[in-house]
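Subject: Structure handover

Hello,

Here is the structure for you to look through. My notes on what turned up in it follow below.

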Amino acid sequence: MGFHVAVIGTGNVGSATAYSIVKECLAEELSLVDIKPGLARAIAEELKHANASIKCDVKINWYEKDEELSGADLIIISAGYPRRPGERISRRGLARKNAEIIKFIAEVVPPNNPGAKYIVVTNPVDAMATLFKKISKCDFVISTGTHLETLRFRSKLSEVLRVRSRDVVGYVGGEHGEAAVILWSTVKIRGLNLSEYLRSMERKDFNKYEIENYVKKISEFIIDASGATRYGPAEAFTDIVKAIVLNLNVILSIATPMRFNELKEEVFVSIPTVVGRSLGLRLLDMLSEDEVRGIKEAAKAVYTTYLRSIEGLNID
Ligand code: MLT
């Protein structure tokens, strides 16, 4: 029995992700939900056209109310405030607006989709996943976290080191956004750790700061120039869907709920984690002391954003 996958919010990121899921034939049924009149249907019609070429056995539904979605196994939540062209709002700056949307979805969707797994995409994604988990009390809730930064990190490393991206391993952790932590200790280039590889290639010009800045800032350039990021997020999120649907148990840097002594509540923060139908080991022990410290700082930043997002929302 295949998966019934749903995408709530079919804007730039949601529609690109839905297309990628059809392209990879990861769903037997795909439901698109968007409150913007006509949008979910338009994307559904488009995907059916694309599927006439892709030839995937997938039933595609569309809805304009979150309450109409039922019987889904895996639900991607990408609904959120759509930035207007030229409107510069940071991920954290969307917190308050999107918290209201996430609160509503967390209240009305789980009752009609018992046992569903949730992938939160809406920004600021780690704080919004923290909120969704708190209100829905669903077991399986993840934030896409820094898997997207991890792809950006690998693509930049492969470009700068002039190797194929498949020859690059390395992860980013922490918060999706400003408090992302580049996990340099996890980097392997053709199986060698970074310093060994640079020595073997006699590379003296490698600039870590340039890479870190790229990973943290490139989305701003893309949004300024094209209005939104789409294809990077779509493939990053499809990696997560694929890992769950096909039970791959691959290591992905996603955010799951974690407790820290310094924080009153559990928050979502990214650590390389084994992902399949269930979530496996979090590879915190393989990180350096500095990296673990950075992840704790990121968790504090996520919690601050979370608390700001729920101001006035009557959430205890
Ligand atoms: C990204 O990393 O692409 C961002 O989260 C996109 C955004 O800020 O909307």
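Start with Thr186. Its side chain reaches the backbone nitrogen of Tyr171 at 2.9 Å. That is a polar contact, meaning a pair of N or O atoms within 3.5 Å; within protein, one must be able to donate a hydrogen and the other to accept it, and residues adjacent in sequence count only if both atoms are side-chain atoms. Thr186 sits in strand S8. Helices (H or I, at least four residues) and strands (E, at least two) are DSSP runs, numbered from the N terminus. Thr186 is buried, at 7% relative accessibility. Buried means under 20% relative accessible area, exposed over 50%, and partly exposed in between (1.4 Å probe, protein chains only). Setting aside neighbours within four places in sequence, Thr186 contacts Val169, Gly170, Tyr171, Met286 and Leu287. Contact here means heavy atoms within 4.5 Å. Thr186 and Ser288 are 102 residues apart in sequence, yet their C-alpha atoms are 9.2 Å apart in space.

Before you go further, some ground rules. This is a predicted model: local features need pLDDT of at least 70, side-chain atom pairs count only at pLDDT 80 or more, and totals for chains, interfaces and linings use all residues. Residues are numbered from 1 along each chain as its sequence is written, and side-chain values use heavy atoms, with hydrogens and water left out.

Domains

The chain divides into domain 1 (4-143) and domain 2 (147-309). Those bounds come from an automatic or database domain assignment. The C-alpha centres of the two domains lie 23 Å apart. The contact takes 36 residues from domain 1 and 43 residues from domain 2.

Nonpolar cores

A nonpolar core is a set of buried Ala, Val, Leu, Ile, Met, Phe, Trp, Tyr and Cys residues joined through side-chain atoms within 4.5 Å. The largest one has 49 residues, and Ile75, Tyr118 and Phe132 touch the most other members. Its largest share, seven residues, comes from helix H9 (residues 289-309). This core draws at least three residues from each of domain 1 and domain 2. Look at Tyr118: leaving out residues up to four places away in sequence, its contacts include Ile75, Ile77, Phe132, Phe140 and Ile142. A second, separate core has 35 residues, among them Val13, Val121, Ile240 and Val241.

Helix H1

How many of the 12 residues of H1 are buried? Nine are, so the helix is mostly covered. Val13, Ile21 and Val22 are among the buried ones. Their cover includes strands S1 (4-8), S2 (29-33), S3 (59-63) and S4 (74-77), plus helices H2 (39-54) and H8 (231-245). At 1.5 Å a residue, H1 (residues 12-23) should span 16 Å, and its end C-alpha atoms are 17 Å apart, which agrees. The expected span is 1.5 Å times one less than the number of residues. After H1 comes Cys25, with a positive phi near 50 degrees.

Salt bridges

There are 19 salt bridges in the structure. Each is a side-chain nitrogen of Lys or Arg within 4 Å of a carboxyl oxygen of Asp or Glu.

- Lys242 pairs with Glu24, with the closest N and O atoms 3.0 Å apart. Lys242 lies in helix H8 and Glu24 in the loop between H1 and S2, so the pair ties together parts 218 residues apart in sequence. Lys242 is partly exposed at 22%, and so is Glu24 at 32%.
- Glu107 pairs with Lys103 at 2.9 Å between the closest N and O atoms. They are four residues apart in helix H3 (residues 95-108), about one helical turn.
- Asp167 pairs with Arg190, with the closest N and O atoms 3.7 Å apart. Asp167 lies in the loop between H5 (147-160) and S7 (168-174), and Arg190 in the loop between S8 (180-189) and S9 (192-193), so this pair links parts 23 residues apart in sequence. Asp167 is buried at 14%.
- Arg88, Lys217, Glu220 and Asp224 are linked in a network of salt bridges.

Asn123

Asn123 is in the loop between strand S5 (117-120) and helix H4 (125-136). Asn123 is buried, at 18% relative accessible area. Its side chain reaches the backbone nitrogen of Val125 at 3.2 Å. Not counting residues up to four places away in sequence, Asn123 touches Arg91, Leu94, Asn98, Met128 and His176.

Best wishes
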